[in-house]
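Here is a short report on side-chain packing and charge pairing. Look over the sequence and model first.

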Amino acid sequence: MAFTEKDFYAAHFNPKDYLDTYYTFSSGKEDKNAFLIFFLKNLHQAFILEDIEGDTLIDIGSGPTIYQFLSACESFQEIVATDYCEQNWEEMQRWLRKEPGAFDWSPVVKYICELEGNREKWEEKEEKVRRAIKKVLKCDVTQASPLGPVALPPADCLMSSLCLEGACKDLPTYRSALKNISSLVKPGGHLILGSVLEKNCYKVGQQPFSCLYLERASVEEALKGAGFVVNWLRETKVDGALSVMDSKAFCIVVAQKCQG
């Protein structure tokens, strides 16, 4: 399909449909939630087991989701969420403010608490996430200054999941976007990048959106070109017939920005 321009996203992306389709978490239905479980386990590995930590984490293209912060909130005092679409900020803020009609993340939160050995109750985990998210900002990864006029000190860690492949029309734009966001993390700082592989489009409700077709090698090459050294990359194959995210594979990368 043709590339979905950002103005179309801003006008037609429905965060409630997106959450209902991809983040309704069902215990015992691991195939359906394969991509979410894959990312949750590997974020737990990075933040909890490998002690990636610091003061500030910036999440690029947060969308309306908070699952990516459930382990990160244990390792970072301040989290900055970002997205291009205003309706996504509003949906996240609805959860942060505990408003009626906010998406119920509790099944996902409970899963992470179990993964962490039930060190804390799920309600405590939710409050920790709410306290950690200090800002929700507009972000455009296709711009040299992705946060526009907002100036932030370079972060200790940068995170992005399922964003760049939707925002970039081709591989040169993807490589450029990685260079753009690299300006937001300090030398030696970490980048955690979650990607969907070998996929051309996805649906939110009945509305299709384009997805840049990525292979593992193209992700690794783009990271190297943007000044990152890959610490590890994990890839998992997915049965598209069973998963709500009908791609062939997902990958998550932990990389570090080169010093100097």
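Is Glu-91 buried or exposed? Glu-91 is buried, because its relative accessible area is 4%; buried means under 20% relative accessible area, exposed over 50%, and partly exposed in between (1.4 Å probe, protein chains only).

The model is predicted: local features need pLDDT of at least 70, side-chain atom pairs count only at pLDDT 80 or more, and totals for chains, interfaces and linings use all residues. Residues are numbered from 1 along each chain as its sequence is written, and side-chain values use heavy atoms, with hydrogens and water left out.

**Salt bridges**

The whole structure holds 18 salt bridges. Each is a side-chain nitrogen of Lys or Arg within 4 Å of a carboxyl oxygen of Asp or Glu. Three of them are tabulated here.

| Pair | Closest N to O distance |
|---|---|
| Arg-94 and Glu-91 | 2.5 Å |
| Glu-120 and Lys-128 | 3.4 Å |

Arg-94 and Glu-91 share helix α4 (residues 86-96). They sit three residues apart, about one turn of the helix. Helices are DSSP runs (H or I, at least four residues), numbered from the N terminus. Arg-94 is partly exposed, at 22% relative accessible area. Glu-99 is also partly exposed, at 29%.

In the pair of Glu-120 and Lys-128, Glu-120 counts as buried at 14%. Lys-128 is partly exposed at 23%. Shared partners link Lys-16, Glu-91, Arg-94, Arg-97 and Glu-99 into one salt-bridge network.

**Nonpolar cores**

A nonpolar core is a set of buried Ala, Val, Leu, Ile, Met, Phe, Trp, Tyr and Cys residues joined through side-chain atoms within 4.5 Å. The largest has 56 residues. Tyr-23, Phe-47, Tyr-67, Phe-69, Trp-105 and Ile-192 touch the most other members. Helix α3 supplies the largest share of this core, ten residues. Another core lies apart from it, with 33 residues, including Leu-164, Leu-212, Leu-223 and Val-253.

Contact means heavy atoms within 4.5 Å. Beyond residues up to four places away in sequence, Phe-69 touches Asp-59, Ser-62, Ile-79, Ala-81, Met-92, Val-129, Ile-133 and Met-159.

Asn-42 lies in helix α3 (residues 34-49). Asn-42 counts as buried, at 7% relative accessibility. Leaving aside neighbours within four places in sequence, Asn-42 contacts Trp-232, Arg-234 and Ile-252. Its side chain makes a polar contact with the side chain of Arg-234 at 3.0 Å. A polar contact is a pair of N or O atoms within 3.5 Å; within protein, one must be able to donate a hydrogen and the other to accept it, and residues adjacent in sequence count only if both atoms are side-chain atoms.

Key:
Helix = DSSP H or I, 4+ residues; strand = E, 2+ residues; numbered from the N terminus.
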